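Student: I am new to this structure. Please show me how to read a few of its features.

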Amino acid sequence: MQIKQAQVSRKEFIKDFVRLFKDEVDEVSNRGYQQFLLPPGVASLQEFLMKCNKCYDCISDCPNESIMVSHNINSIVNEYPVIIPQVTPCYLCEDFPCIDACKTGALTINNCNKPLGIIKIIEENCFAFQGHYCSSCINSCPKTGKAIYSDELGHPIINSEECDGCGICINVCPSEKPAIRILEERN
Ligand code: SF4
Ligand code: SF4
Ligand code: SF4
């Protein structure tokens, strides 16, 4: 009985943290600070926090050095493995070595097709929307024409049905003020 109570309170504890984390993502997005994604194969943030034991095997096995340890003591994912697309995005390897490396069930192949996040263009910060020529995000997207395309005025438009949330477009965007943001973590 005691064990059950302990499990419930751990769940509640994580739930509260997840709520706090959502506020944090909103605040971070609004201020345009560095944003992050969770590695591929996560079912939900809550499950990830409960199952990840911070062994960092996913980090060691990522051939692109896309996953790193979060060092933000104010963040719910502090010391957890994350992807910071401004530094290195995820290249969504065909065989997902990060998932293969994870032995705790924090990352699973069943969830490898879920988008890593929901990505949005912030028009006021985007060169193309401000009348300048830029198509870096469109040109770099592995699913260009499907996940992101140019409208008749040359503005980048994201199709969230197709976007994998890999963050490659965020990585190449030359705008100093973040013009492409992660709206929502996988959850
Ligand atoms: S899918 Fe590939 S690039 Fe992306 S985090 Fe996993 S190992 Fe790294
Ligand atoms: S391999 Fe799995 S348990 Fe280990 S740090 Fe990565 S996500 Fe967490
Ligand atoms: S628009 Fe393309 S490059 Fe940008 S996150 Fe989506 S799939 Fe990745």
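**A loop residue and a cavity**

Tutor: Asn78 sits in the loop between strand 1 (67–69) and strand 2 (81–83); strands (E, at least two residues) are DSSP runs, numbered from the N terminus. This is a predicted model, where local features need pLDDT of at least 70, side-chain atom pairs count only at pLDDT 80 or more, and totals for chains, interfaces and linings use all residues. Residues are numbered from 1 along each chain as its sequence is written, and side-chain values use heavy atoms, with hydrogens and water left out.

Student: Is Asn78 buried or exposed?

Tutor: Buried means under 20% relative accessible area, exposed over 50%, partly exposed in between (1.4 Å probe, protein chains only). Asn78 has 17%, so it counts as buried.

Student: Which residues does Asn78 touch?

Tutor: Contact means heavy atoms within 4.5 Å. Leaving out residues up to four places away in sequence, Asn78 touches Lys54, Ser70, His71, Asn72 and Ile73. Its side chain also reaches the backbone nitrogen of Asn72 at 3.0 Å.

Student: How is empty space found?

Tutor: A probe the size of a water molecule is rolled over the atoms, which shows where empty space is left. A cavity is a set of points, on a 1 Å grid over the protein atoms alone, where a 1.4 Å probe fits but cannot get out; lining residues have an atom within 4 Å of a point.

Student: Which residues lie nearest the centre of the largest cavity?

Tutor: Cys126, Phe127, Cys134, Cys137 and Cys173 do, among 14 lining residues.

Conventions: Chains lettered and ligands numbered in written order. Helix = DSSP H or I, 4+ residues; strand = E, 2+ residues; numbered from the N terminus. Polar contact = N/O pair within 3.5 Å; in protein donor to acceptor, adjacent residues only side chain to side chain. 1 Å grid on protein atoms, 1.4 Å probe; cavity = no way out; pocket = protein on both sides within 12 Å on 5 of 7 lines; lining within 4 Å.
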